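Here is a colleague's note to read beside the model. Keep the 3D view open and find each residue as you go.

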Number of protein chains: 2
Amino acid sequence: MTITHTTVAAGPVVPSTGALRPLPLGDLRLTGGYWADWQQRNADTVIRHCETWMERIGWTGNFDAAATGDPFDHAGIEFVDSEVYKLLEAMAWQLGVQPDDDLADRYDRLVDRVAAAQDADGYLHTAFGRPWQRPRWSDMEWGHELYSMGHLLQAAVARLRTAGGGRLVDVAVRVADHLVEVFGSDGREAVCGHPEIEPALVELGRATGDRRYVDLARTFVERRGHGLLAPIEYGQEYFQDDVPVRDADVLRGHAVRALYLAAGAVDVAVETGDAELLRAVETQWANTVAKRTYLTGAMGAHHQDEAFGADFELPPDREYGETCAAIASNMLSWRLLLETGESKYADLIERTLHNAVMVAPREDGRAFFYANTMHQRVEGTVPPEDEVSRRALSSLRAPWFEVSCCPTNLSRTIASVQSVFATVSDDGLQLHQYGDYEVDTVLGDGTRAAFSVRSDWPRSGRVEVVATTDGDEPVALRLRVPSWSSGATLDVAGQAVPVEGDTVTVRRVFATGDRIVLEVPVHARITVPDPRIDAVRGTVAVERGPLVYALESLEAGVDVRDVVVPAGAEPVDHGADDVRLPVRTRAVPDPVGLPYGAGTDPLSVDGPREVRLVPYATWGNRGPSTMRVFLPVE
Amino acid sequence: MTITHTTVAAGPVVPSTGALRPLPLGDLRLTGGYWADWQQRNADTVIRHCETWMERIGWTGNFDAAATGDPFDHAGIEFVDSEVYKLLEAMAWQLGVQPDDDLADRYDRLVDRVAAAQDADGYLHTAFGRPWQRPRWSDMEWGHELYSMGHLLQAAVARLRTAGGGRLVDVAVRVADHLVEVFGSDGREAVCGHPEIEPALVELGRATGDRRYVDLARTFVERRGHGLLAPIEYGQEYFQDDVPVRDADVLRGHAVRALYLAAGAVDVAVETGDAELLRAVETQWANTVAKRTYLTGAMGAHHQDEAFGADFELPPDREYGETCAAIASNMLSWRLLLETGESKYADLIERTLHNAVMVAPREDGRAFFYANTMHQRVEGTVPPEDEVSRRALSSLRAPWFEVSCCPTNLSRTIASVQSVFATVSDDGLQLHQYGDYEVDTVLGDGTRAAFSVRSDWPRSGRVEVVATTDGDEPVALRLRVPSWSSGATLDVAGQAVPVEGDTVTVRRVFATGDRIVLEVPVHARITVPDPRIDAVRGTVAVERGPLVYALESLEAGVDVRDVVVPAGAEPVDHGADDVRLPVRTRAVPDPVGLPYGAGTDPLSVDGPREVRLVPYATWGNRGPSTMRVFLPVE
């Protein structure tokens with residue numbers, strides 16, 4: 001097998017420096033299993049679903065209308081351009097993974113429609129700037145102009161790195177040049193209410209080699225936290241405009257905004273050698289994970305402002321846990337993993353992907369959660385397949401939303417998901433995520449490293465790595481040992497040895513057929529929340545490997561409200577699809593008067609019986625149900 | 001003492017029928033103590049505070065501007081007319097309680113400004129209907145036109161019942177006649193997004209004897225729940241437009257809307273003899289109290305839509321508990337008490353008044369809570385005294401709000417608070433709330449009943465009732481025995497006898513000086529929440545009589561997050577102002593990684609020490625503090 005490397009063949013994040021380097025996108029090929037299946041479903045279904053919906057409700061049509069120069073009614077909220085861009089990004093990654101003439105043709109036609117709407121000076125937004133619209137940059141708080149253009153830049157970067165250029169890249173460069181002129185150091189001192197332009201500009205700078213874009217990203221990051229945005233009801237932390245990025249110690253405010261900004265700050269710090277800024281974001285990540293993150297990896301505890309709550313304020317029932325925030329969290333963790341090489345970032349990516357991200361799509365890829373509760377108190381309704389939904393309050397997955405950032409975000413994430421599976425260093429290859437894939441790449445020192453990885457992860461904890469080339473030089477093959485595991489062993493040439501720590505490294509000259517097997521014990525376990533998380537005091541959850549499990553009323557046979565776990569109960573593990581837990585049904589009479597009193601013991605009406613739990617990410621696929629992850633201990 | 005009764009001397013609610021009848025407002029006079037002090041502070045401070053703020057920010061000025069006929073910029077949100085009306089209502093009740101030439105003059109001048117803005121056909125709203133404004137009734141969902149006019153009607157009813165008429169009454173009658181024409185059975189089939197017009201129309205019908213107003217109220221109640229309002233993001237339950245009132249079994253959606261509507265539905269049911277409608281609202285009250293009400297009596301668990309949550313969804317930290325919802329809850333309970341005579345309604349009024357309502361004003365009456373949390377996680381900030389606040393997110397009481405429904409609502413409530421203290425029946429006088437007051441009234445059968453009541457309630461459980469007139473006929477004097485109490489005794493002529501049930505009645509011919517003493521044991525006690533309230537599992541609260549207590553970090557000396565109560569701990573009661581509880585400070589190291597794991601016991605770093613709790617209603621008066629009501633049990 002001969003791999004052709006070009007400088008443009010790369011995934012979503014390509015820092016100039018860092019402990020680890022991302023692989024060119026084509027160097028890691030999914031060959032089967034969960035992620036290959038989902039990537040195929042994304043190509044076959046999700047991408048088409050997004051195209052169809054946006055065509056139907058006029059979001060792509062906005063570009064056509066804008067191109068005519070005549071007045072038109074703009075369809076959708078002001079930032080729907082960004083959905084088209086995220087779809088283009090998804091298409092670009094997918095085309096980079098798997099050539100597809102039909103998709104390529106649809107992509108080109110959509111790019112042409114976008115390009116036609118660009119103004120002569122480079123500005124491109126369908127909701128601002130025309131005589132009958134609001135003026136450009138007249139609403140930095142809510143206009144989402146830079147946010148939308150940021151997604152355009154990201155889409156162009158995807159194309160640049162998978163196809164080497166093209167019309168969308170030309171469009172994006174003209175946009176970026178225009179932004180440098182308007183907002184550069186001599187320009188308008190402003191920031192966008194919704195971060196996104198920051199990582200986008202750095203990535204475009206990396207992909208094009210144009211340093212001005214990195215400098216502008218830095219300018220936006222540095223301007224933030226100085227009150228450039230007008231006061232709003234939710235407070236300036238909503239915008240992260242309360243404290244300069246380098247002075248903050250935790251993420252706060254609107255979760256997606258906070259995470260996109262932090263990702264951009266890492267990019268800026270890496271490209272400018274700003275160790276202080278990098279340390280600040282590392283600290284923010286650590287504090288946010290320790291005190292403001294759900295068991296699923298989800299972030300965002302408030303519906304009202306889609307925001308982080310205070311430390312340890314993590315209600316499962318009112319969890320917002322926006323799908324886009326989970327995606328954004330991985331964008332941040334991935335950047336920190338590349339920069340530091342620390343395995344904890346890959347651990348969170350794994351947890352977040354398998355639970356908080358992949359809970360969003362319905363099994364058929366045609367409906368999505370926007371917010372993701374961990375405690376469904378009332379049986380949801382099934383939104384109609386042919387209607388645009390609100391944000392799916394108390395409902396199951398919906399085909400499309402009035403504000404529909406999540407489906408396209410999910411699509412671009414799945415299309416490029418393998419980009420977070422492995423990295424290289426000067427003399428090593430690091431496997432962070434497992435599954436069925438082939439990796440064939442070149443280390444920093446020029447050594448070729450090629451392996452076949454086989455694993456039914458995370459349903460199984462067995463990872464088999466077989467060398468697929470005869471090496472001349474030693475390769476340090478590093479495998480992640482997840483923080484949730486204990487008792488992992490590594491079998492090298494038939495000899496199983498216990499492994500300690502969060503990675504294990506085998507350094508040798510590999511010959512074709514050399515086999516390494518990592519065995520990570522995966523069995524269902526009880527998980528107890530920190531006692532400061534008030535909302536889940538006195539409860540336990542069940543996990544298996546990185547998978548969080550949930551109880552649905554469909555399995556319990558009663559409303560999950562009435563289920564309690566006997567003290568000391570342990571889950572029974574018959575495999576990933578058959579995890580059971582002994583529970584009782586609690587009978588509590590309805591209060592007469594207020595539900596507060598001297599305290600009486602509730603009655604339990606049945607002896608412990610085993611009920612099947614389902615992986616949290618799969619809940620709600622069988623119809624309306626009440627559901628909870630944290631179950632009260634009797 | 002000679003009391004002059006006129007048909008117009010009455011309080012806020014005067015049903016045509018019912019188990020109990022309200023007293024004319026002047027028949028019960030507060031003579032001292034907590035409520036007399038607050039009523040004086042309301043007269044001296046709160047009313048003036050509201051006048052000053054509304055003058056300063058142009059809300060009263062809207063009427064002047066509207067009267068000119070010239071275009072003007074309307075100040076404030078579209079329903080600020082209603083704040084002026086609630087202020088006028090507060091002034092009217094206060095003038096009914098205590099003549100005051102200066103207040104009377106201010107009242108008259110404000111009425112003149114309102115009256116000048118009325119259109120020729122009776123319509124009166126400063127934000128709609130002029131050529132440069134949105135057309136009348138063009139936004140039934142959010143326009144609040146009927147809502148605002150409802151408050152005008154209520155203000156007029158207060159004047160009619162305390163002064164017998166006047167210019168505002170004439171204005172209100174013209175408004176109501178106009179509404180009958182526009183929305184009556186042959187008119188426009190619509191309802192207002194925010195209920196309020198319903199109880200207002202019934203009250204105006206009662207006060208004027210014009211049955212058409214009652215009929216229109218009935219029409220509005222009956223129209224609701226049939227989808228007349230356009231769909232919104234929060235769902236139609238926000239507007240109570242999801243289910244007809246008579247078919248619903250629990251209150252839901254926006255809490256203030258739900259409660260005002262329910263109050264109006266009781267009014268309609270009473271005036272039309274609609275037993276089915278009445279039973280429906282009784283059921284809604286019972287289910288709402290049992291499953292959707294906070295320990296303080298507060299209602300509304302969601303910030304996002306200011307709404308009730310699902311059953312048992314009562315997070316203390318994200319409690320919304322809007323002050324206006326607590327006031328509205330008492331409006332509903334009071335109507336149900338009058339209709340049914342059942343003491344449980346007076347119990348909830350007591351709890352709600354002392355905790356959920358009176359937590360709102362700062363001790364000096366110059367700042368207010370809008371939302372009322374039971375768990376302040378971060379030390380609040382003190383809003384500036386001279387700035388209009390948002391809804392006081394994470395802040396202490398604020399002097400005024402952009403949407404400022406609560407201060408004027410509180411003012412009208414305090415000005416007429418004694419109206420809920422006692423009622424009469426054909427041959428009896430019922431005392432529902434205690435304090436220092438004189439009651440001198442006439443029973444349904446014409447018998448005069450006059451008593452002096454003395455009590456430091458609820459700080460003390462001793463209530464002394466002394467007859468102040470020599471009667472000719474027997475009077476059935478009924479005293480409420482609160483549901484939170486046990487072991488109450490009644491001393492009649494020196495003989496203490498145990499009382500059972502929720503009321504105790506002494507029927508006799510009273511002579512001046514006859515004395516009855518109700519002794520209700522009041523001591524601090526531990527309260528345990530229903531196990532289905534997930535958000536407070538494993539915690540206890542402390543109550544004393546109807547007062548809920550809270551722990552402030554100012555007293556604990558540490559963030560309340562770190563305080564735990566030893567299992568089995570009991571409060572130590574040195575009186576209402578010195579209730580103490582043994583606590584430990586818990587030391588939990590910050591999580592490394594996620595705050596979930598196999599479960600480790602936190603360390604307790606100090607032996608139990610007693611800390612002072614404060615009545616919940618008084619928290620935050622001494623500056624920023626973390627605070628919680630429900631304390632985790634170790």
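1. **Ground rules.** This is a predicted model, in which local features need pLDDT of at least 70 and side-chain atom pairs count only at pLDDT 80 or more, while totals for chains, interfaces and linings use all residues. Residues are numbered from 1 along each chain as its sequence is written, chains are lettered from A and ligands numbered from 1 in the order in which they are written, and side-chain values use heavy atoms, with hydrogens and water left out.

2. **Domains of chain A.** Chain A is assigned domain 1 (21–420), domain 2 (422–519) and domain 3 (525–632). Such bounds come from an automatic or database domain assignment. The centres of domain 2 and domain 3 of chain A, taken over C-alpha atoms, are 38 Å apart.

3. **Salt bridges overall.** Side chains of opposite charge can pair when their charged atoms come close. A salt bridge here means a side-chain nitrogen of Lys or Arg within 4 Å of a carboxyl oxygen of Asp or Glu. Over all chains, the structure holds 122 of them.

4. **A bridge across 405 residues.** A:D426 and A:R21 form a salt bridge, at 2.6 Å from N to O. The pair links distant parts of the chain, 405 residues apart: A:R21 is in strand β1 (residues 21–22), and A:D426 is in the loop between β6 (422–424) and β7 (428–431) of chain A. Helices (H or I, at least four residues) and strands (E, at least two) are DSSP runs, numbered from the N terminus. A:D426 is partly exposed at 47% relative accessibility. A:R21 is also partly exposed, at 37%. The terms are set by relative accessible area: buried is under 20%, exposed is over 50%, and partly exposed lies in between (1.4 Å probe, protein chains only).

5. **Helix to helix.** A:E55 and A:R113 meet in a salt bridge at 2.9 Å, N to O. A:E55 belongs to helix α1 (residues 33–56) and A:R113 to helix α4 (residues 101–116) of chain A, 58 residues apart.

6. **Within one helix.** How far apart are the closest N and O atoms of A:D215 and A:R211? They are 3.6 Å apart, in a salt bridge. The two residues are four apart in helix α8 (residues 211–223) of chain A, so about one helical turn separates them. Elsewhere, salt bridges with shared partners join A:R161, A:E203, A:R206, A:D267, A:E271 and A:R335 into one network.

7. **A negative patch.** A:D445, A:D470, A:D472 and A:E473 form a negative surface patch. Patch residues have over 30% relative accessible area and no salt bridge, and like charges are joined within 9 Å. A:D470 sits in the loop between β10 (462–467) and β11 (475–480) of chain A. It counts as exposed because its relative accessibility is 54%.

8. Most residues other than glycine have a negative phi, and most peptide bonds are trans. Look at the exceptions. The bond joining A:W457 and A:P458 is cis, with omega about 0°. The bond from B:W457 to B:P458 is cis too, with omega near 0°. A:A493 has a positive phi, near 55°. B:H144 also has a positive phi, about 60°.

Conventions
Patches are made of residues with over 30% relative accessible area and no salt bridge: like charges are joined within 9 Å, nonpolar side chains (Val, Leu, Ile, Met, Phe, Trp, Tyr) within 5 Å. Accessible areas come from the Shrake-Rupley method with a 1.4 Å probe; for residues, only the protein chains shown count as cover. Lys and Arg count as positive and Asp and Glu as negative; His and the chain ends are not counted. The place of a charge is taken as NZ of Lys, CZ of Arg, CG of Asp or CD of Glu.
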